[in-house]
Amino acid sequence: MDALVAGLVLPGEASMYVMSAMETSRELIRHSYHRYEFATVAVTHSLFALEQVLAERLAVSEPVQDLIERAATAGLIPAELAAELDLGRVLRDKLTQGTVTSAELGPVRAVTMVRAVFDAVSLLLPPPSTAAVAAVDVNGAQPQDRLALLWGEHRRAPYPDSWRGVNVAGVELILLDADVAGLVHTELNGGLDDSGLAILWACITDLDKVVTLINSEYCASYFARLRTMAKLAAARHVPTAT
């Protein structure tokens, strides 16, 4: 199932809402191995992301069928892709009307239909402006500025829904996220004391352990950013070599 959904890559420029809906759709397909009906639900759930992006790009509020037609007419998405997207919309309508059940699709067909949404979202998202790129260029910033920039980015990023309550190598991920977030916030607003710093280093050890074991691209990047923040916060307390 991991290989089946490997091509569903989340676009980094999407909003929190869109990223969350797309991530959930992908994970529903992955877990349809355990519950067959999740594959169909994944397709209908992905339409939340599609409708949001279409409405924002076209600056209108209309039914998703009309939004898809507008996007195709405007040349924002190819006609073939629009046709595939409309199949998802038809499926959702049939489920609403009770003419099909949530067992309508298998995982392979669901991946094809969800991939159409991923492709459309990538095409519809406007390219980041020069100012936006500069704002998130944390690698070129000073260490103290990098931490603040990453913290702002992290606060805007949705926690990976399908990884709530998940334990990796004995580490409860959502608790680790909360601990590090609290410590980074404290560091940015007055600084950590010795006790907080000791907890931070323990969190860094856990992050080093779990990041390489997470098999979700979005979740792995989420915790990799958390690890970078933790290490930047800890580095503030390392004496400068003389």
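I started with Cys203, which is buried, with a relative accessible area of 5%. A reminder to myself: this is a predicted model.

*Cysteines.* Next I looked for a partner for Cys203. The closest cysteine sulfur is that of Cys219, and at 16 Å it is too far for a bond. How many disulfides does the structure hold? I count zero. For Cys203 the reason is plain: a disulfide needs the two sulfur atoms within 2.5 Å, and the sulfur of Cys219 lies 16 Å away.

*Overall layout.* I stepped back to look at the whole protein. I find 11 helices and two strands. The C-alpha atoms fill a box of roughly 70 × 40 × 25 Å along the principal axes. Of the 242 residues, 42% are buried. I also looked up the accessible surface, which is about 12,200 Å², with 55% of it belonging to carbon and sulfur atoms. For contacts between residues at least 6 apart in sequence, 70% join residues at least 24 apart.

*Nonpolar core.* I went to the largest nonpolar core and found 75 residues in it. Those with the most contacts inside this core are Leu50, Leu54, Leu85, Leu173, Leu200 and Phe223. Which helix gives the largest share of this core? My note says helix α11, residues 217–235, with 11 residues. Leaving aside neighbours within four places in sequence, Leu85 is in contact with Leu50, Ile68, Ile77, Ala116, Val117 and Ala120.

Which side chains make polar contacts with it? I found Glu153, whose side chain is joined to that of Arg225 by a polar contact of 3.3 Å. The side chain of His154 makes another polar contact with the Arg225 side chain, also listed at 3.3 Å. Not counting residues up to four places away in sequence, Arg225 touches Leu150, Glu153, His154 and Ala157.

Note on methods: Residues numbered from 1 in each chain as written. Predicted model: local features only at pLDDT ≥ 70, side-chain atom pairs only at ≥ 80, totals over all residues. Heavy atoms only, no water. Core = buried A, V, L, I, M, F, W, Y, C linked by side-chain atoms within 4.5 Å. Buried < 20%, exposed > 50% of the residue type's maximum accessible area, 1.4 Å probe, protein only. Helix = DSSP H or I, 4+ residues; strand = E, 2+ residues; numbered from the N terminus. Contact = heavy atoms within 4.5 Å. Polar contact = N/O pair within 3.5 Å; in protein donor to acceptor, adjacent residues only side chain to side chain. Areas by Shrake-Rupley, 256 points an atom, 1.4 Å probe, with all protein chains shown as cover.
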